[in-house]
Amino acid sequence: MKISVVGCGYLGAVHAAAMADLGHDVVGIDVDQAKIDALAAGRAPFFEPGLPEILTSASASGRLSFSSDIVAASEATVHFIAVGTPQKPGSYSADMTYVDAALEALLPILKPGDLVVGKSTVPVGTASRLAERVREVQPAARLAWNPEFLREGFAVQDTIAPDRLVYGVASEADDAAASKAQLDEVYAKALSEGTPLVVTDYATAELVKVSANAFLATKISFINAIAEIAEVTGANITELADAIGFDARIGRRFLNAGVGFGGGCLPKDIRAFGARAEELGRGESLAFLKEVDAINLRRRQRVVDLVVEMLGQHAFEKRVAVLGLAFKPDSDDIRDSPALDVAVQLNGLGALVSATDPEAIANARAKHPQLHFVTAVEDAVRDAEIVVLLTEWTQYRALRPADIESLVSGKRIIDGRNVLDAAEWKAAGWDYRGMGRP
Ligand code: UGA
């Protein structure tokens with residue numbers, strides 16, 4: 001199929017490259033010329049495992065191109081909208097400027113039979129509003145909503161082999177059948193492999209996406225709330241999560257207590273969902289998401305308080321090593337990152353923070369140039385009075401006391417992701433503190 005993807009960020013760039021990898025002819029469109037130049041040269045503008053490989057192979061096949069000019073999308077018949085919906089400044093709602101601009105840019109090039117497919121995470125009601133706009137300008141074109149569930153760090157595999165597909169289509173039967181047929185062709189490979197498909201209306205498709213993220217955020221805040229109770233009772237949150245996780249109805253995944261969730265999705269999505277519920281007169285239905293958010297933000301404060309406590313109530317001019325800046329491992333994304341937030345707060349208390357991360361230093365430095373960044377763990381921990389692990393990169397999980405104890409000036413460590421062997425660190429004479437661990 002001939003496909004265009006409008007928006008080449010974490011979602012769109014991966015989607016464009018993955019669709020070309022599957023054999024479609026794809027053009028990626030973005031207003032950011034630097035991003036387009038990088039992608040056109042086969043360079044991923046952000047860190048995502050597997051993306052450089054499929055960018056290179058798809059570009060070499062001639063099936064993938066990039067442009068900042070929407071006219072390059074004229075020959076495509078399926079047009080994905082994959083732009084961001086960040087939190088609006090000064091509000092909890094989603095900023096729809098980029099989605100609206102993407103649609104307005106597409107409208108003049110739409111041909112009869114073309115399908116516009118929304119992938120961005122949007123407030124419920126958006127798809128029917130945009131479908132109306134499409135009908136006004138090109139009555140023979142259609143719109144579908146096809147939410148994306150990819151995880152950063154696994155984005156390529158999640159796009160090529162998703163765990164489910166959801167199509168939100170128009171209520172008119174002919175329109176719905178034609179949209180489904182086009183999307184079935186786009187996703188022919190995944191469907192032939194038995195990927196579950198839910199075909200539904202616009203509102204359900206939009207709500208599926210935000211409900212999934214709200215559920216995941218709630219699961220993480222649930223275990224973090226119990227971690228707060230574990231902290232005052234001497235219980236062990238990791239053993240507790242293992243034990244409740246054996247119940248298949250609960251499940252062990254997303255029950256890792258720690259410094260909490262961040263990123264460009266979960267935090268802003270639960271806020272936008274709550275704001276939308278209020279607009280719909282159902283604010284009380286999602287009021288609990290405010291607690292989910294508050295629990296999550298308290299975990300960052302908990303780490304900052306622990307650092308201060310372990311340093312004898314004074315962080316001022318104390319050397320603190322921060323391991324991890326990205327919101328999660330295998331990503332250079334620092335949007336709403338708990339790790340970066342903690343580093344910034346400690347710096348604000350006058351601590352001498354040396355922060356490191358395998359991939360996220362450039363992004364972190366651009367946003368917080370006041371922090372001191374080093375590339376090697378050895379340099380981060382040198383003379384540190386306390387080490388704070390905040391993003392569970394494989395290399396940090398593998399740290400052993402002997403790797404760093406000759407370098408630090410104080411054997412204190414906070415395991416903000418509960419990934420180290422507490423007994424081993426304690427046996428080596430370290431003051432070890434986990435999150436919700438005795
Ligand atoms: C999330 C969803 O998992 C995807 O399904 C969704 O498509 C995506 O948002 C999106 O809306 O685009 P992502 O933001 O890549 O994906 O990250 P997650 O893997 O969900 O992790 C989010 C945060 O939760 C990270 O900061 C992670 O460290 C934290 N987390 C995760 C925990 O604190 N504990 C856990 O047990 C699991």
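**Entry 1: H9 against H11**

I began with the residues that touch. In H9, Leu207, Lys209, Val210, Ser211, Asn213, Ala214, Ala217 and Ile220 meet Leu266, Asp269, Ile270 and Phe273 of H11. I sorted the residues of this contact by type: 8 are nonpolar, 2 are polar and 2 are charged. I noted that the model is predicted.

Next I looked up the geometry. H9 covers residues 202-233, and H11 covers residues 266-279. Their axes lie 9 Å apart, and the helices pack at an angle of about 115°. I recorded the crossing of H9 and H11 as left-handed.

**Entry 2: H1 against H3**

I turned to another pair. H1 spans residues 10-21 and H3 spans residues 51-60. I found that their axes come within 9 Å and cross at roughly 50°. That angle makes H1 oblique to H3. H1 passes H3 in a left-handed crossing.

Which residues of H1 and H3 meet? From H1 I listed Ala13, Val14, Ala17, Ala18, Ala20 and Asp21. From H3 I listed Leu51, Ile54, Leu55, Ser57 and Ala58. The residues of this contact divide into 9 nonpolar, 1 polar and 1 charged.

**Entry 3: around the ligand**

How many residues surround the ligand? I found 21. The closest are Leu150, Glu152, Lys209, Asn213 and Phe327.

For asparagine 213, an N or O atom in the side chain is 2.7 Å from a ligand oxygen. For glutamate 152, a polar backbone atom is 2.7 Å from a ligand oxygen. For phenylalanine 149, a backbone N or O atom lies 2.9 Å from a ligand oxygen.

Key
Residues numbered from 1 in each chain as written. Predicted model: local features only at pLDDT ≥ 70, side-chain atom pairs only at ≥ 80, totals over all residues. Heavy atoms only, no water. Axes fitted to C-alpha atoms, helices over the stretch in contact; angles between N-to-C directions. Helix = DSSP H or I, 4+ residues; strand = E, 2+ residues; numbered from the N terminus. Parallel < 35°, antiparallel > 145°, perpendicular 65-115°, else oblique. Left-handed = near helix turned anticlockwise from the far one by under 90°. Contact = heavy atoms within 4.5 Å. Nonpolar A, V, L, I, M, F, W, Y, C, P; charged D, E, K, R; others polar. Near = heavy atom within 4 Å. Polar contact = N/O pair within 3.5 Å; in protein donor to acceptor, adjacent residues only side chain to side chain.
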